[in-house]
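Here is a short walk through one protein model. Keep the sequence and the 3D view side by side as you read.

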Amino acid sequence: MNAKSARAILVLSAIAMAMVISPAVVSYPTGIQGVKESGCNCHGATTSSDVVPSIAGLPDQYNYSETYEITVSFVGGPANPSNANQGGFNLWVSDGELSPADATVQSYGANEVSHTEAGNDQTSWTLTWVSPSSDRNVEFVLHTNSVNGNADGANGGSSGDMWNRLTAKVSPPVLVLEEADPFVVLSTLIVVSAILLAFTLAYVFYRTNPESFTWDYFAPWIADWLTTTDHKKVGTLYFVAGLFFLGVGGIMAMMIRIQLAVPGNDFLTQDQYNQFFTLHGTTMIFLAAMPLINGFANWMVPLQIGAPDLALPRLNAMSFWLQPVGALLIFTGVFSGSGADTGWTGYAPYVVSETAHMGTTMWVAGQIMLVASSTLTGINFLTTIAVMRAPGMGWLQMPLFTWSILIANLMLFLSIPAFGIGLIQVYLDRVIGTAFYDVSAGGDPLLWSHLFWYFGHPEVYVVIVPAFGVISEVIATSARRSIFGYRSMVYAMAGIGVVSFIVYGHHMFTSGMSPTLRFVTMLTTMLVAVPTGIKIFNWLKTMHGGSLVYRTHTLWTLGFLVTFTLGGISGMFFPSIAMDLHLHESYFVVAHFHYVLVGGTVFGFYAAIYYWFPKMSGRMMDERLGVLHFLVGFISYNALFWPMHRLGVWGMARRHHTYFVTTEEAMGALPIEATGWNMFISVAAFIFFFSNFIMVANMIKTLIRGEKAPPDPWGGWSFEWMTTSPPPTPSFDPHNLPILSDANEHVANEPGTLSKLFNRLMVSEEEAEEASH
Amino acid sequence: MISILVSVFTFSWLYHHSFWYRSEDADNYDNPDEIAVGVFPKHNDDMRLEVAWTIAPFILIVWLTYVSWVPLDAVWSEIGEDGYHGDECEDGEFSNNHLDNQGIVTSECYHVIEITGKQWVWQFDCLDLSTEICDTGSDNIEVYGTVPLLSLKTGETYLARMMSEDVTHAPWFLGLGVKEDVHYSPETTLWLPISENVDDQIILCTEYCGDAHSVMAGKLVVHQ
Ligand code: HEM
Ligand SMILES: [Cu+2]
Ligand SMILES: [Cu+2]
């Protein structure tokens, strides 16, 4: 043995000796309360298998109102009769009544007991339980801690202690149904929705041609969908996948809302809740919002710029097929009961710590696939828009939706590599034990925050900018004007794109940055409001002097304007008035980003659905159902998210599986009214969730017996309205592309100052050829 | 205030236009921008108006940022550098802080305490302050059960030096309305100016830290 390890052993044994000899006062010798969920975490972070708790004296099945004498005890851990103290316990029961049998046990109400000071130097305690007088599935949760009796100052002597948890179930005389496990509910719902989706598709297939409803026809039909590279079909795949996951994310939101409907609810346990909000966020952003956008981008960009297809159709199919695989990985954890529980932001070092669930690894792997998918999509759209515009269409003659997709993909393309790198580092940390984020090995968790938000903030705009594009198209067409300030619209979008890269620091206000940097971040964050304001004013001005035709998509657009303005204004509170410090990570934030994401992106794309569905399917949607969907959806949506601002100001924290109201004036916690509001929000959430099925029903009804749609039902000007509904494949004849003419010919011919500058910088092809001779 | 003005303005514009320019029949309309399929329509713009609603919000925003900077600066002020909380108190010295009408607290000096976060419990340490100025213990709150307690004195200002033993946490003093992340490293700090209008309050964790994140609570008690 070399000298070094000998010395180490010497030091360690000295420490061990010191621990044994050191004097004895013990942590909370007077009992522990309220640890049912948290565990005895002042005696160590997690459970320890060295300590084995047990409960004796419980029947398998109880008799009504009978008194049982119970003994709780434990073995193992540092407890030893020679210690000053040996340990304590906490027992919680869901029903019936617990009471102490002697002075070593004390009561904290009918369903909780703990040891007393006198009972702190033993490892077994007796108490009584009076069973309920009705049929209940009774659950016991026992915590025991085994202590070494040392005292080390501030912590009250908890170092080196260990604890563990035991749960037990007792059945009633007449068996009642067990409350379902939320995971089972979720998995069932997902599977059922997948089956329903399959049935719907089969039915739609049947209705398109009842005669050919046989396997011989079905096999090639389905094979065609699975292998297609046509931009319209891939677009439809994205669209269906996006709607499906909007539903799945919605189911998770509903379970979150059931849990939060009343204070102190136990529908979900804390670690289930953590997985649900993590997957809700991830699903909604990456598997619902992005695919919906991609669906329309796939469909409309080639049509709008007069191209036969995307530049790289096979790459496009690959981008899509990476998504379902990624989604499967992301969800794997849930099906095994330990899904990712890191929040969609996956902050380090938690994401690499041992306390994060196993499913996190799969979640990270799935996200890496999505990053690959987005990167390929970016390449594809940038190329297509750059080189495949129809003759006559200059950059500043592209429809605004195409512009928005261009800018969104550019932003995504520039930001997502950072996220990819971060994810790969996390993956390596979790799988092969590298130490990028392992704090105890000198890893830097702030690196993750930087990488994540460098991507995350632009990402928020990546999902909102395409909605801007949709709104611009819809509002101009509905008002039958051309959009007010086309050029300033383009510059504003580009401005948002640029600014969004330099503001991400606002997500890190509370993570200790230098004051100067804070000021700069605050200013740039506030500046995003300028281009956004320009857009809102331009939209409003577009309606001026027009003739507004009310259709469902017009309603959703006006709805978008209302909610987006409200969301923007509530967002202004963060950078200003020192409010961020209080509101950061509260329900105010939850309200704010749902106003932007749901009221912005989702509403924008609902408008897109009603606007473009006739083009995509060749059939007109039912306006009456559309208006009904709008009214129910819009009202319940506001009822759902507006009151959350209030809760945030009161102090309801985000990502907390439960909340407590108190009558104690001084505590700075939620007032009693919060209970009513939470219930109200949950009810509104259900109405909002179900209102979306009106739209789905509308789409199915339309597909089956909608009126045939003309090529240009709304009176738009861009190329997609030139083709038939639905368009042929290839969308435009490559040998006979459409040519865009311009009602402002005289203006378009004079190059602007900027293009003059560019022309001077560029070597034209002719010159280059001359030079080479 | 400004938000209300802006929203009233925007919304009345929206309502006015949505109804004023509404039309029932689509055909009876003169198409001022020559909209036709396959033709880029006539520009509909007004340089002066667009520049106006670029410049005006810009100025408004720079001004707003400037106005909100002062109170923020006080909350985030660096140790020692500026005049808000002076230097660390000597033994037996008091900070005697006072609140000005803008809500900014200034003090003669401050006391240093330590807050440590670990999964999933807070630890408070008064270091070598006398129990008159700072005390710790434990207490039961209605629903959070047994939680660690920090007792501070009215009129005194504290600087909490904060660390985490594992993942990132963030104590949120609900009544004071302040929070700051705590990391394994580097150390972060948080001002706790206990002016006369600060009451007893709950402390929660607001940086997601795993299973029992939502019940990682503490209690701040204010004594005279
Ligand atoms: C049916 C409608 C919806 C309801 C009722 C709902 C409800 C909620 C609630 C209550 C939370 C907070 C959970 C917590 O922090 O404790 C949350 C988080 C979140 N929601 Fe939604 N939501 C809905 C739709 C959406 C949509 C459509 C999107 C995005 C397009 C979205 C994106 C998010 C994100 C990103 C989070 C943050 C997750 C995290 O903290 O990691 N939600 N939602
Ligand atoms: Cu951001
Ligand atoms: Cu925490």
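Start with a histidine. A:His594 is buried, at 14% relative accessibility. Buried means under 20% relative accessible area, exposed over 50% and partly exposed in between, with a 1.4 Å probe and protein chains only. A:His280 is buried too, with a relative accessible area of 15%.

This is a predicted model, in which local features need pLDDT of at least 70, side-chain atom pairs count only at pLDDT 80 or more, and totals for chains, interfaces and linings use all residues. Residues are numbered from 1 along each chain as its sequence is written, chains are lettered from A and ligands numbered from 1 in the order written, and side-chain values use heavy atoms, without hydrogens and water.

Now look at the iron atom of ligand 1. Its protein donors are A:His280 (NE2) and A:His594 (NE2), lying 2.0 Å from the iron. Donors are N, O and S atoms within 2.8 Å of the metal (3.2 Å for Na, K and Ca); water is not among the atoms, so sites may look incomplete. A:His280 lies in helix α5 (residues 270–305) of chain A and A:His594 in helix α15 (residues 587–617) of chain A, so the pair ties together parts 314 residues apart in sequence. Helices (H or I, at least four residues) and strands (E, at least two) are DSSP runs, numbered from the N terminus.

Turn to the strands. In chain A, four strands form an open sheet in the order β1-β2-β7-β4, with antiparallel pairing. Two strands pair if DSSP finds at least two bridges between them. β1 (52–56) and β4 (97–100) of chain A stand at the edges, each with a single partner strand, so one side of each has no neighbour in the sheet. Seven bridges join β2 (residues 67–75) of chain A to β7 (residues 124–130) of chain A. A:Thr67 stands opposite A:Val130 in β7(A).
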